[in-house]
Amino acid sequence: MKIIKVVNQQAGGQQGSEIFEAALNNGAKTFGLATGSTPLSTYQHLVASNIDFSKTVTINLDEYVGLAYDHEQSYHYFMQTNLFATKKFAKSFIPDGMNANLEQAIKNYDGILANNPIDLQILGIGENGHIGFNEPGTSFDSHTHIVDLTPSTIKANARFFENITDVPTQAITMGIADIMAAKQIVLLAFGRQKAQAVKAMIEGPITETVPASVLQKHVNVVVIIDDDAASLLR
Ligand code: F6R
């Protein structure tokens, strides 16, 4: 793993967007995208740039189950607002948490992933070490699946909803094997609340109890972190 320390999230976003641009210049055609607060500064830098993504495909990691696409907290809405409204892509895929047939939605997404190998995957990390919505205990061999969110994740995401009871309890997510299939991975983490997870990811044993620890097995991972997120590293 290559670790890049940055002074703050803005600087991390600058690094993130430079890695996107370099990948594009090296022929990358498909980008794996994440939502949440972490990648926001990267998307802001991409939006402000004149990088042309019009021939690029994007594939998002995950989506809540049962949240309408136009719900302010849906990941469809997030991507539209923070990136797609201003940057044009050839095609963008996000898991379909509104599909009445979730098994079909899973099959569809596995097909999309098979047809569009990801060149660069951007990731955040959950306080419990999750990547995508792959919670602790998820098999490293997993592909697209439905997850029951843990109380820790529901609590962490409650800040975006009026009441904790409004937070969806399920999500559809790419699996860990799908994430590991990306040619390059960039994981960003900012803030003290991520320090424990970052330490476990980088210095801890490779274990399904800490999903992000699987990244130690990937040959091309860049971790972009601020001082707070790095504060527990040896
Ligand atoms: C979101 C995702 C999640 C987040 C993680 C961190 O698409 O896949 O794994 O990256 O929950 O969330 P933030 O960035 O809000 O701290």
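1. Ground rules. Residues are numbered from 1 along each chain as its sequence is written. In this predicted model, local features need pLDDT of at least 70, side-chain atom pairs count only at pLDDT 80 or more, and totals for chains, interfaces and linings use all residues, while side-chain values use heavy atoms, with hydrogens and water left out.

2. Overall shape. Along the principal axes, the C-alpha atoms fill a box of roughly 45 × 40 × 35 Å.

3. Make-up. There are 7 helices and 10 strands. These are DSSP runs (helices H or I, at least four residues; strands E, at least two), numbered from the N terminus. Of the 234 residues, 54% count as buried. Buried means under 20% relative accessible area, exposed over 50%, and partly exposed in between (1.4 Å probe, protein chains only).

4. Strand S2. S2 covers residues 30–33. Both of its faces are covered: Thr 30 and Gly 32 are buried on one side, Phe 31 and Leu 33 on the other. S2 pairs in the parallel sense with S3 (residues 57–60) over 4 bridges, and with S6 (residues 120–123) over 2 bridges. Pairing requires at least two DSSP bridges between the strands. Phe 31 has Thr 58 of S3 as its bridge partner. Gly 32 stands opposite Gln 121 in S6.

5. Cores. The largest nonpolar core has 58 residues. Phe 31, Leu 33, Ile 59, Leu 187, Met 201 and Leu 215 have the most contacts inside it. A second, separate core of 11 residues includes Val 147, Leu 149, Val 167 and Ala 171. A core here is a set of buried Ala, Val, Leu, Ile, Met, Phe, Trp, Tyr and Cys residues joined through side-chain atoms within 4.5 Å.

6. His 45. This residue is in helix H2 (residues 40–48). A polar atom of the His 45 side chain lies 2.9 Å from the backbone oxygen of Ser 41. Not counting residues up to four places away in sequence, His 45 touches Gln 10, Gly 13, Gln 14 and Ser 17. Contact means heavy atoms within 4.5 Å.

Key: Polar contact = N/O pair within 3.5 Å; in protein donor to acceptor, adjacent residues only side chain to side chain.
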